[in-house]
Amino acid sequence: MKKIALFLAAAAVFGGLSSCSRDESPVLEKPTEFKLNTPPFAAEYYQLTEGNSMMVTCSQPNYGVGVQTTYSIELSLDENFGSSLPVKIADPFSATMVMSDLDVNQTILDLLGINSADTWAPFENDHVRDIFFRATAEIAGVADTKIASNIVKISDVDFFYTVKVPGFIYLVGAPEGWKGPDAGNAAHYEDWKLYEADDNIGSEIYIGTFDIAAGDAMFRFYSALTGWDDDSYGSQADDNPLDFSLENGQFDGTIVKGKGAFSFPDWAGGMMTIIVNLKNMTIHIEEGVARPASYIYMVGNNAGWAEPNEANAATYENWRLADKTGDGIYTGTFTMPKLDNDELYCRFYKNLAGWGTAEFSSSADGSVNLEVTLGQAAPAVEGEGCFLVKGVSEKEVTVTVDANTSEVTFDLAK
């Protein structure tokens with residue numbers, strides 16, 4: 001992939017500062033040292049426990065200027081990091097990295113391929129392992145600023161079996177009779193849940209389809225059955241409904257932490273599909289039975305090499321390919337920015353979980369950037385290699401990823 005001069009990156013960072021002499025201007029430097037500190041519990045037996053957290057710290061890379069640094073961390077069961085996966089951290093902008101024990105535990109299970117009672121069986125009496133962490137730091141969107149830390153060993157980590165299940169929220173309102181979102185009505189609300197998709201657990205995107213009578217389309221949502229005053233999400237903070245209408249059978253809006261109900265006085269009755277995204281705080285409603293789109297993300301110099309993590313979710317809203325029918329074919333049309341040497345470098349990730357193996361790339365080890373021809377499908381594999389597309393700078397490009405055949409096609413938009 002083409003490198004961006006660090007001097008130009010520094011100019012971008014400091015373009016808003018008052019001018020000064022060339023000799024006195026701050027210059028963005030590429031750091032040469034970045035240390036992940038060994039935590040005090042590293043040599044002790046550590047039992048992962050749901051509800052607890054693990055904390056590690058790292059040094060702050062010296063970029064020579066004051067910039068916001070983005071941190072991430074990977075976990076491996078191999079001291080040589082032959083295979084690793086990212087672990088979610090509470091604050092990607094802090095050099096103090098806090099990980100929930102549950103997320104660490106799940107990462108271990110994923111690395112071992114444990115996803116059922118059968119695959120857990122060999123580990124039932126053998127669930128203590130050494131684990132290894134490696135951190136990375138970078139300035140988001142600026143090439144050549146990423147640096148990896150040393151590897152830190154955590155000895156004798158005791159993990160446990162857990163099955164990832166879809167999260168859910170509750171619809172509370174006129175359709176169910178305003179029963180009251182408390183534990184005593186748990187059985188009642190079993191029929192009024194919106195769930196995460198099985199293949200999108202942890203997304204905080206919840207979908208439900210309900211038969212709602214005319215005159216009953218007024219509701220808000222609760223993340224837990226803890227009573228009227230807590231855990232509620234609606235149209236506004238105040239406990240007053242706001243009226244909305246569907247246009248062409250659809251509604252898109254925002255959702256906030258609060259008790260204002262969504263009200264649709266013109267609703268004629270029938271099946272209604274509701275999709276609530278509590279990560280982006282949006283709501284989508286459609287008449288009838290609908291399926292939420294699933295997405296993959298195009299990651300590369302198209303997005304300034306922003307790390308594919310939740311901190312950059314807003315950036316990647318603009319670089320999503322959508323499968324709206326469930327047929328495994330993802331498409332998107334994008335206007336490319338001005339690209340160095342008129343060359344696009346990219347690969348595709350299913351989730352915004354940080355750097356590492358992409359589900360659709362040109363090579364497994366990242367050593368090969370595959371040049372593709374516009375209009376012709378190219379093979380894709382799991383890995384870190386980039387697809388190289390020439391002649392698309394500042395042009396509208398349609399990208400298709402066929403997950404069934406593992407092929408990627410780039411073409412100029414018609």
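Author: What follows covers aromatic pairs, charges over rings and a sheet. The model is predicted, so to speak of a local feature takes pLDDT of at least 70 and side-chain atom pairs count only at pLDDT 80 or more, while totals for chains, interfaces and linings use all residues. Residues are numbered from 1 along each chain as its sequence is written, and side-chain values use heavy atoms, without hydrogens and water.

Reader: How many aromatic pairs are there?
Author: The count is 25. Rings of Phe, Tyr and Trp (its six-membered ring) pair if their centres lie within 6.5 Å; planes under 30 degrees apart are stacked, over 60 edge-to-face, the rest tilted. Phe348 and Phe387 make a tilted pair, 6.2 Å centre to centre with 50° between the planes.

Reader: Where do Phe348 and Phe387 sit in the chain?
Author: Phe348 is in strand S22 and Phe387 in strand S27, 39 residues apart. Strands are DSSP runs of E, at least two residues, numbered from the N terminus.

Reader: Buried or exposed?
Author: Both Phe348 and Phe387 are buried, meaning under 20% relative accessible area (1.4 Å probe, protein chains only).

Reader: Which charged end sits over the ring of Tyr295?
Author: That of Arg320, 3.7 Å from the ring centre. The rule wants NZ of Lys or CZ of Arg within 6 Å of the centre and within 35 degrees of the ring normal.

Reader: Now the sheet. What is the order of the five strands?
Author: S1-S7-S6-S3-S4, open, with mixed pairing. Two strands pair if DSSP finds at least two bridges between them.

Reader: Which strands stand at the edges?
Author: S1 and S4; each has a single partner strand, so one side of each lacks a neighbour in the sheet.

Note on methods: Helix = DSSP H or I, 4+ residues; strand = E, 2+ residues; numbered from the N terminus. Buried < 20%, exposed > 50% of the residue type's maximum accessible area, 1.4 Å probe, protein only.
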